[in-house]
Amino acid sequence: METNSLVWFRKGLRIHDNPALDLARRGCKHLYPVFVLDPHYLDPDRSAFSPGSARSGLNRIQFLLESLRDLDTSLRRLGSRLLLLRGEPAPVVCRLLKDWKIGKLCFEFDTEPYGLARDKQVKDFASDCGIDVHSPVSHTLFNPSDIIEKNGGKPPLTYQSFVALAGCPVDPCAMTYSELPPIGETGDYELLSVPKIEDLGYGDISQEELSPFHGGETEALKRLDQVLEDKAWVTNFEKPKGDPSAFLTPATTVLSPYLKFGCLSSRYFYKRLQGIYASVGKHTKPPVSLVGQLLWRDFFYTVAFGTPNFDRMKGNKICKQIPWSENEELLVAWRDGQTGYPWIDAIMIQLKKWGWIHHLARHCVACFLTRGDMFIHWEKGRDVFERLLIDSDWAINNGNWLWLSCSSFFYQYYRIYSPISFGKKYDPSGNYIRHFLPVLKDFPKEYIYEPWTAPLSVQKKANCIIGKDYPRPVVDHENASKECKKKMGEAFASSSSKKQQNHNDSNEIASLKSKRRKKTE
């Protein structure tokens, strides 16, 4: 018996390899493709430190709107369209299920705490109404629940153990359709067009330097084809190698934002890579290969899904409890690209303007903020990245900050990125700095990474006086890094001591219990 189906888009903003869409269209009389614009995510927040809403910077909002526009265009080619409504997503969807007489609801499974709570609300309502609910896993290569079950109910905490458990992902489902079932009656609902940034109340942004990376499935598949065209580059790809200072032509795929929004299927990406590996033969392997990067993504998703309080230090069993400092002045200097270290500041300005930076650049600024120089809580840095990155992904962003602050996964806290020599290794002339910090563009290359060391005559010639036109370093790297290592060492020693004490206490309790049992016998 044919029924009305509703496919609820959130992530998964694509046609190809979209099991929720595929399930919704089968045995369907009318198909309602829905996306709900959440005012909390889209409406301007004037109190935020950067243009955007309470939840997102402007670049990611723009990327989302472009992705929605592209999805609507693709659906129209198939005789359908994207039904866009506005409001708090869960209550809106619940009303639609009832008013549009929906018999089948389909949406992609979401692993994030916010998404799980939202989806439970809708699932419970749908079940009470006798509506069939399908929530297939397709944002990741694997179902995190399956991996955790294989591991005895706990998430694997090392990449190697995750890969050993994971195996091979299933193949992607349908890539294209000739047509989709028609949309039924929509009643009195106000169906919106995909808004432009200006329509949301952000004013004229034509003079703003926004991200050069544009959203949508069409752009994602085009970029994927361009990346995979160079088979030698694909087969030799080796993370963490790559040039973090390459910005006009980034030294990586820049496919992460498309994976984040689900404009690109990770399963399809994986299959395309395996095809190239099979045709070429010799290639790099996980964890450093491109397939290895997709597996890293799933690793973080799995650990995040199975770890309560994954996004914070307190109450997080896998996170070291480190007494981070609170220094709002230093945090703001780092966030706004005003630390006085051009390499660090240029990265943060690129992040603010483009919403994307190379993974090694992320490593540098995260280390600088936390265990390298400032000893500020990783959650503070995470919040800045979460706002500004177009590829900000709850599991991966938190996982990387846990890693880079040596709070979990990685513990060699004494390996610190130099805010001077690391960037110089890739870009001795400082072209990256000159682009994103034009105030320093006329400095000779000998001083571009340490402009405070330049004689006053050189500063005057460069039209940039340090301490006036560009800040002096807010910390002394040599002394600050030593102090950070000392504090990290003390925190690690304290952690080990507490673990040993807990172990001793457990043994003592077990011994007492054993003695009591013997007495009763």
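Mentor: A salt bridge is a side-chain nitrogen of Lys or Arg within 4 Å of a carboxyl oxygen of Asp or Glu. Please keep in mind that the structure above is a predicted model.

Trainee: With which residue does aspartate 43 form a salt bridge?

Mentor: Side chains of opposite charge can pair when their charged atoms come close. For aspartate 43, the closest N and O atoms of the pair are 2.8 Å apart, and the limit for a salt bridge is 4 Å. The partner is arginine 86.

Trainee: How many residues apart in sequence are the parts that this pair ties together?

Mentor: Aspartate 43 lies in the loop between H2 and H3, whereas arginine 86 belongs to strand E3 (residues 83–86). The pair therefore ties together parts whose separation in sequence is 43 residues.

Trainee: Which residues are linked with arginine 118 in a network of salt bridges?

Mentor: Arginine 118 forms a salt bridge with aspartate 119, with the closest N and O atoms 2.8 Å apart. Arginine 118 is buried at 12% relative accessible area, and aspartate 119 is buried at 4%. The network links arginine 118 with Arg10, Lys11, Asp110, Glu112 and Asp119.

Trainee: Which side chain of opposite charge is nearest to glutamate 66?

Mentor: Glutamate 66 is found in helix H3 (residues 58–77) and is buried, yet has no salt bridge. The nearest side chain of opposite charge is 5.7 Å away, while a salt bridge needs a distance within 4 Å. That side chain belongs to arginine 69.

Trainee: What is the volume of the largest cavity?

Mentor: The lining of the largest cavity includes Arg10, Lys11, Asp110 and Arg118. By class, this lining has three nonpolar, three polar and five charged residues. The space in the largest cavity is about 80 Å³.

Trainee: Which element gives the most to the lining of the second largest pocket?

Mentor: The second largest pocket holds about 910 Å³ of space and is lined by 39 residues. Among the residues nearest its centre are Glu112 and Arg118. The lining divides into 18 nonpolar, six polar and 15 charged residues. With four residues, the element that gives the most is H5.

Definitions and conventions. Residues are numbered from 1 along each chain as its sequence is written. This is a predicted model: local features need pLDDT of at least 70, side-chain atom pairs count only at pLDDT 80 or more; totals for chains, interfaces and linings use all residues. Side-chain values use heavy atoms; hydrogens and water are left out. On a 1 Å grid over the protein atoms alone, a cavity is a set of points where a 1.4 Å probe fits but cannot get out, and a pocket is an open set with protein on both sides within 12 Å along at least five of seven lines; lining residues have an atom within 4 Å of a point. Grid points are joined across faces, edges and corners, and a volume is the space filled by probe spheres set on the points. Ala, Val, Leu, Ile, Met, Phe, Trp, Tyr, Cys and Pro count as nonpolar, Asp, Glu, Lys and Arg as charged, and the others, Gly among them, as polar. Helices (H or I, at least four residues) and strands (E, at least two) are DSSP runs, numbered from the N terminus. Buried means under 20% relative accessible area, exposed over 50%, partly exposed in between (1.4 Å probe, protein chains only). Lys and Arg count as positive and Asp and Glu as negative; His and the chain ends are not counted.
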